[in-house]
Amino acid sequence: MPIEIPSGLTPELVPLSWLIGEWEGRGRLGAGEGDDEHFVQHVVFAHSGFPYLKYTAESWLADEDGKRIRPLATEAGYWQLDRPVQDADGGPGLTPPDIVPAYTSADEVESLRNSSDGFDITVTIVHPGSIAELYYGQIRGPQIQLSTDAVLRGAHARDYKAATRIFGLVNSDLFWRWDVAAGGEPLAPHASAILHRVSPPESGRAPTE
């Protein structure tokens, strides 16, 4: 199925455009075997004219039929291409970006393609409980691989050392897996899910910031 590019999308987000919209589906904790618990998840990837996607995910423990039992977790963050900062970029803080973005055409964005014929990306995700993850990775077509470069924990946060995440678009569904190193244990399966699109990419337009 062809990937639909939402109107008004900054060229820098074209490689990430297949994520845009709302997704919902079911998954399993751990390796997804035996008594591993079930959950349902609602995910939104939205854009607002800037060169990054806003990401939110809410999850609920569920029974085997997908009926929600109680809240499980929530997380939020930003996804973008990993490239050098330009004079046209905004920040830090409220420093405004230029009216003309750093990359104004698909051809200019193509110059960022890496030696693996994909694009380097960076993802920042924050969690309740004083934990923040900084991921680096690659997007290559409808596939994403991420590994933490750093995990920031507050003084009273649970032990959490590292993580990897993979995402892929398969038959129009979003598959993902998350492995975590925590509690003194090495990297191990943490959760996985299959999400179905519940709204078209146009709905991924966030309110103007």
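Which residue forms a salt bridge with Arg68? I began my notebook with that question.

**Ground rules.** I am working with a predicted model, where local features need pLDDT of at least 70, side-chain atom pairs count only at pLDDT 80 or more, and totals for chains, interfaces and linings use all residues. Residues are numbered from 1 along each chain as its sequence is written, and side-chain values use heavy atoms, with hydrogens and water left out.

**Entry: Arg68.** I looked up its partner and found Glu24. The closest N and O atoms of this salt bridge are 3.8 Å apart. I noted the cut-off: a side-chain nitrogen of Lys or Arg must be within 4 Å of a carboxyl oxygen of Asp or Glu. Arg68 lies in strand 4 (residues 68-81) and Glu24 in strand 1 (residues 21-29), so the pair ties together parts that are 44 residues apart in sequence. Strands here are DSSP runs (E, at least two residues), numbered from the N terminus.

I then checked accessibility. Buried means under 20% relative accessible area, exposed means over 50%, and partly exposed is in between (1.4 Å probe, protein chains only). Arg68 comes out partly exposed at 42%. Glu24 is partly exposed too, at 30%.

**Entry: other salt bridges.** How many salt bridges does the structure hold? I read nine. Side chains of opposite charge can pair when their charged atoms come close.

I looked up Arg113 next. Arg113 pairs with Glu110, and their closest N and O atoms are 2.8 Å apart. Arg113 is partly exposed at 31%. Glu110 is partly exposed at 40%.

Then I turned to Asp159. Its salt bridge is with Lys161, at 2.2 Å between the closest N and O atoms. Asp159 is partly exposed at 27%, whereas Lys161 is exposed at 53%.

I also found a network of salt bridges. It links Glu12, Arg83 and Asp89.

**Entry: Val43.** Is Val43 buried or exposed? I found Val43 buried, with a relative accessible area of 3%. Val43 sits in strand 2 (residues 38-46).

I listed its contacts, meaning heavy atoms within 4.5 Å. I set aside neighbours within four places in sequence. Val43 then touches Gly21, Glu22, Trp23, Tyr55, Thr56, Ala57 and Leu195.

Last, I checked Val43 against Ala157. The two are 114 residues apart in sequence. In space, Val43 and Ala157 are 24 Å apart, C-alpha to C-alpha.

Definitions and conventions:
Helices (H or I, at least four residues) and strands (E, at least two) are DSSP runs, numbered from the N terminus.
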